[in-house]
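Biologist: Could we go through this structure together? I would like to start with how its parts are arranged.

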Amino acid sequence: MSRSVVAGVDGSPEGLTAADWAAREALRRGLPLRLVHAWEAGLPEGAPETGPSGLRAPQQHARQVLQRALARLGERYPRLDVTAEQVPRAPVAALLAEAADADLLVIGSQGPSGLGGFLSGAVALATVARITRPVVLVRAGLTAEAEHLPGDDGIPSEHTPYRDVAVAVDVGAPPADEVLDFAFRAAALRNAPLRAVHAWHMPFSHRLPDAEQRARAREAAENRLSDLLAPWQREYPGVVVRENLHEGRPAHVLVRAAGGAGLLVVGNRRSAGTGDARGDAAGTRTGPVGTGTGTAEERTAPSGGARTALSDPRTGPGDASASTAPVDTRIRPVPVRTTPVAHALIHHVRCPVALVPHD
């Protein structure tokens, strides 16, 4: 599969905002954008559309969601190459499969969702728990102007410089090259400063540390952070790096550090035995650690811009020999255990959050 940016859309404000952000990121990276809508009830894969209307509803809803998203993006980003796909699978399984060969997956982070009755917050957490590719979580209401600094009049504008990119750095763990590479590249694509954030704390002791001990601990953390960033600064000489050290818990520090940033990049440590891509995330540790071939209808957006392909809803993304067993219509919760950092990022950070898997 060719490189692309993938966005999950479900008709919610979060999904539409995620698609908008994904479109801008695809343009920055010079990649096509692929929209995906998942549904897990209705007619079996490959069945004709002559069945009961109640069984046709999920497919029809998926088609309407994608058509609206395609029209919106075609009008706003006429230079962007966009395709769309309806996927008759559980939301988490569909997102994981579509993102497997993509540069980036972009999804909404919160809010009611049309994805089979789930909350998109639960879908986001379960996806983050198992994904092996970078994923960006986007909240509803984010505009293109909000990614930029305010102008002289105090109003954000697409014509002003980008806000800085913030990256969480854990100097006490082995270097997460994937995380730093993603963050430096994101800053370079935006010609924006990179703010390296490290949450440090004093080791546990039965005695309260004095000022000298605290100063030595901070200095040691500063030196380790500078050493860790040095090779990346040489690789990305055009990126201005600002080192920020804060004493406190990673969750609290990252929420504060995200204020004013255009993007927050955080590592997401891969768990052993993440299982298959069925959307069953039970028992998976979630969040950043430490800190049948179908025919296609060619469609053109109303603006005459992006050329798009919308898959026939009667068939899925598989080959013609795919099983025609009825789709399991039962809606199951997605049980996910979240770390304090993951919970804080999804529920309290306003800017987009990029979670980058690493070992």
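Biologist: What do strand 6, helix 5 and strand 7 make?

Modeller: They make a right-handed β-α-β unit; right-handed means that, with the strands pointing away from the viewer, the path from the first strand over the helix to the second runs clockwise. Helices (H or I, at least four residues) and strands (E, at least two) are DSSP runs, numbered from the N terminus. This is a predicted model, where local features need pLDDT of at least 70, side-chain atom pairs count only at pLDDT 80 or more, and totals for chains, interfaces and linings use all residues. Residues are numbered from 1 along each chain as its sequence is written, and side-chain values use heavy atoms, with hydrogens and water left out.

Biologist: In which sense do strand 6 and strand 7 pair?

Modeller: They pair in the parallel sense over four bridges; pairing requires that DSSP finds at least two bridges between two strands. Val167 stands opposite Ala196 in strand 7.

Biologist: And how many bridges join strand 6 to strand 9?

Modeller: Three, and these strands also run parallel. Here Val165 stands opposite Leu263.

Biologist: Which residues of strand 6 are buried on each side?

Modeller: Val165 and Val167 are buried on one side, and Ala166 and Ala168 on the other. Buried means under 20% relative accessible area, exposed over 50%, partly exposed in between (1.4 Å probe, protein chains only). In a regular strand the side chains alternate between the two faces of the sheet.

Biologist: What about the largest nonpolar core: how many residues has it?

Modeller: It has 55 residues, and Val167 and Phe184 are among those with the most contacts inside it. Such a core is a set of buried Ala, Val, Leu, Ile, Met, Phe, Trp, Tyr and Cys residues joined through side-chain atoms within 4.5 Å. Helix 5 gives the most to this core, with seven residues.
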